[in-house]
Amino acid sequence: MEDGFSSYSSLYDTSSLLQFCNDDSASAASSMEVTDRVASLEQRVQLQEDEIQLLKSALADVVRRLNVSEEQQAMGSRRGPTKARPMIATLPLRPTVNNGTILPKKGSGTLPSPSGPGSRKDTSTAASKSTVRRANSNEHMGTLTRKDSGDSKGNRTRAGSTGSNSSGKRSDSKQRDPVFNAEEGYVKMYLKGRPVTMHMPKEQVDSYCLEARADLPGNKLKLDWVYGYRGRDCRSNLYLLPTGETVYFIASVVVLFNVDEQLQRHYTGHTDDIKCLAVHPDKITIATGQVAGTSSDGKQLAPHVRVWDSVSLNTLHVLGAGFFDRALVCLAFSKSNGGNTLCVVDDSNDHVLSVWEWQREDRLAEVKCSNESVFAADFHPTDSNIVVTCGKSHLYFWHLEKGMLVKKQGLFEKQEKPKFVLCVTFAENGDAITGDSSGNILVWGKGTNRISHVIQAAHEGSIFALCMLRNGTLVSGGKDRRLISWDGSYRQIQTVEVPELFGPIRTIAEGRGETVLIGTTKHFVLQGSLDGDFMPITQGHTDELWGLAVHPWKPQFVTCGYDRQVCLWDSSSHQLIWTKSMEDAAQSAGFHPSGAVVAIGTQNGRWLVLDSESKDLVTVHTDGNEQLSAMHYGPDGNFLGIGSHDNYIYIYAVAENGRKYSRVGKCSGHSSFITHLDWSVDSQYLVSNSGDYEILYWIPSVCKQVVSVESTRDIEWATHTCTLGFQVFGLWPDGSDGTDVNAACRSGDKSLLVTGDDFGKVHLFSYPCSQFRAPSHVYGGHSSHVTNVTFLHGDGCLVSTGGKDMSVMQWRIV
């Protein structure tokens, strides 16, 4: 251990404190002024407090190391002699960053925190997982101290964790293999070097073999339905195909939705967020562009364009991997040369514009477009050598000549230059038409860079979309939610306002016959006419999504998230049944076993109960002031367990079919935030997981912890949403940091286990999943951390929710 103690001397430098303590300038004999002496004493006290805190941290780390050392020696004596290795090298020297905060290094059921009874609150300062989900969690902390509001004392400050793509968080350290103790009947696995002990049912002890290989499940998943549309930050991403399918995207899936037949098909060739879409003049070939991503094993995935066939859904070409930077923001096929060329703008600092002969995957030209945002790019309809781009404070006309793109800037002359030129389309005669942030529509004469006509103040505020219909009518829409049609002489024909519920108009596309399709910034796709009567054909959440609960006996499920919306969906018809606005951001949900009510947990300790038929509010309660991560009713419907980020589990007695609640108490014992809860089949026991990988058992009716292994090892659990436990520990991938898997759910027939992880993947395992690194079928589609997964009633389907991608995906089990 000498190595360990010597390492602390370098970590915790006490020389400044000793020097300060030996300084006699603050004593009564000193000649300093009284105020100066008081200030000096305050400074000394502050330094001493800091030092005590550091010594406590050091002591806690030493105690943990001793525990681990004893365990290693015990294991070594059972296994026989092993090659000695220095312990210090295998363990992180300092508290490690977990989601941007420090987790106390407390093993399952080992010594209490050395900072005394007040430490529970200190250890629960972990920020809500959602806000730091894409942070790098294998970064080490600097030495810890309180950072003073004045001059920092010494040079010890708290290091923050840098943001990065969620997928970049794979730990480089080699994970220790789990250990099976046959005498006591447990498996011990290690997450981030910390032991997690999981006792198995007695009947399995004799037959269990840790080295046995688990089987892949006999079932697979097929993407059945995608709920949602990305409208808030993407443009020109909605089109009608001749097949009658509406094409749009969300997350990393392109959806082809036949509204009449209520059927969806999906193009799933992308690996991360899709940001732009273009349809070829043949109306069959489609190009889509995605952002840069990171694979689950930490490799960088380059942004690229995929050109694919919308009939067969086969990928035809992949363009620009290794050329584009960050993401693709604009795409357009040429119109006049048979659609042979494709123009692309990426999201690099210079927003490089490139033109491709896509069938040969050959780049014809490239140029730095603008160091400001670019919002649209399109080919001239009759001259495939002209490309128009627009964006923040610019409108450029580009001519492709001998492999070079030559720029002509749009001249605003007497017209006041807008801050943003937001969209561009073309008239039949070849004039370019732009809409801008001043609400003006400007017409630019064919072949020139000068304005030939102005519609001043066409809209109040920004014009986000322009669409030229086949009959020559121009349709504009924008922030004012107005849809205005204009004739060939740019005279207004009629105006219709989209209801406020749907939000501002982001994009407009021509539908069948007289209909138009509208995508809005609140993630609705509307179908209607220029006379009004808009009907949503697709809708979704508009902010990060975490809450998911399935109806106990109907084909229905509830979703809720940070957009303060609670939505009840019908999984058979794929329709929204109702939506309810709340005052607070929602985090979790749970149905009462009767199905009569659903409980919603928020981010600030409030929780509500809603009637599942009428969506009326039944009751509101508050427990603590931190996020409520788990809301679970007992199978008999008589209790509700609420897992909070304040480290407590609140228990309520429930009566009158979920309409009456009285608090029983709170279960206290976890030293980190609660992540998951499950009830026993007889509703007598509760099991919980926490942010520091503890597994604790409770008798909820009296809020007492059960510490006897023999009392808990054979309990039959009604559900299995906990990600830690003997029956599920095989779901953890190699090198996991313990936060990689956000959610798990066992099927009703106890044959399958589904998980959602930080790399946008849904995994399907066989259940029980109690062999290390069990194999799974892996499914993409989400482009963000998968925050929740659950089987629907009857086990025929399951639902997954994406965090930042805001999508809900329904999978059929085949």
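Q: How many residues of strand β58 are buried?
A: Buried means under 20% relative accessible area, exposed over 50% and partly exposed in between, with a 1.4 Å probe and protein chains only. Strands are DSSP runs of E with at least two residues, numbered from the N terminus. Strand β58, residues 797-802, is mostly covered, with six of its six residues buried. Cys797, Val799 and Thr801 are buried on one side of β58, and Leu798, Ser800 and Gly802 are buried on the other.

Q: What should I know about the model before reading further?
A: This is a predicted model, in which local features need pLDDT of at least 70 and side-chain atom pairs count only at pLDDT 80 or more, while totals for chains, interfaces and linings use all residues. Residues are numbered from 1 along each chain as its sequence is written, and side-chain values use heavy atoms, with hydrogens and water left out.

Q: What pLDDT does the protein chain average?
A: pLDDT is the predictor's confidence in each residue, from 0 to 100. The protein chain averages 85, and 80% of the residues score at least 70. Over residues 1-22 the pLDDT is below 50, and this stretch has 31 contacts beyond near neighbours in sequence; a contact means heavy atoms within 4.5 Å. Residues 78-168 also stay under 50, with 194 contacts beyond four places in sequence.

Q: How many bridges pair β57 with β58?
A: Two strands pair if DSSP finds at least two bridges between them. Strand β57, residues 786-791, pairs with β58 in the antiparallel sense over five bridges. The bridge partner of valine 789 is serine 800 in β58. Five residues lie between the strands of this hairpin, where glycine 794 takes a positive phi near 95°.

Q: Which residue of β59 stands opposite serine 800?
A: Methionine 809 does. β58 and β59 are antiparallel and share five bridges. In their hairpin, which has five residues between the strands, methionine 806 has a positive phi near 60°.

Q: In what order do the strands of the open sheet with β33 run?
A: The order of the four strands is β33-β34-β35-β36, with antiparallel pairing. β33 (505-510) and β36 (532-538) are at the edges, each with a single partner strand, so one side of each has no neighbour in the sheet. The twist averages 30° from one strand to the next; axes are lines fitted to C-alpha atoms, and angles run from 0 to 180 degrees between N-to-C directions. Five bridges join β33 to β34, residues 515-520, and isoleucine 508 has isoleucine 518 as its bridge partner in β34.

Q: How many aromatic pairs does the structure hold?
A: Rings of Phe, Tyr and Trp (its six-membered ring) pair if their centres lie within 6.5 Å; planes under 30 degrees apart count as stacked, over 60 as edge-to-face and the rest as tilted. The structure holds 24 such pairs. Tryptophan 607 and tyrosine 652 are edge-to-face, at 4.9 Å centre to centre and 75° between the planes. They link strand β43 (residues 606-611) to strand β47 (residues 649-655), 45 residues apart. Tryptophan 607 is buried at 0% relative accessible area, and tyrosine 652 is buried at 4%.

Q: Which ring does the charged end of arginine 363 sit over?
A: A charge sits over a ring if NZ of Lys or CZ of Arg is within 6 Å of the ring centre and within 35 degrees of the ring normal. Arginine 363 sits over phenylalanine 323, 3.9 Å from the ring centre.
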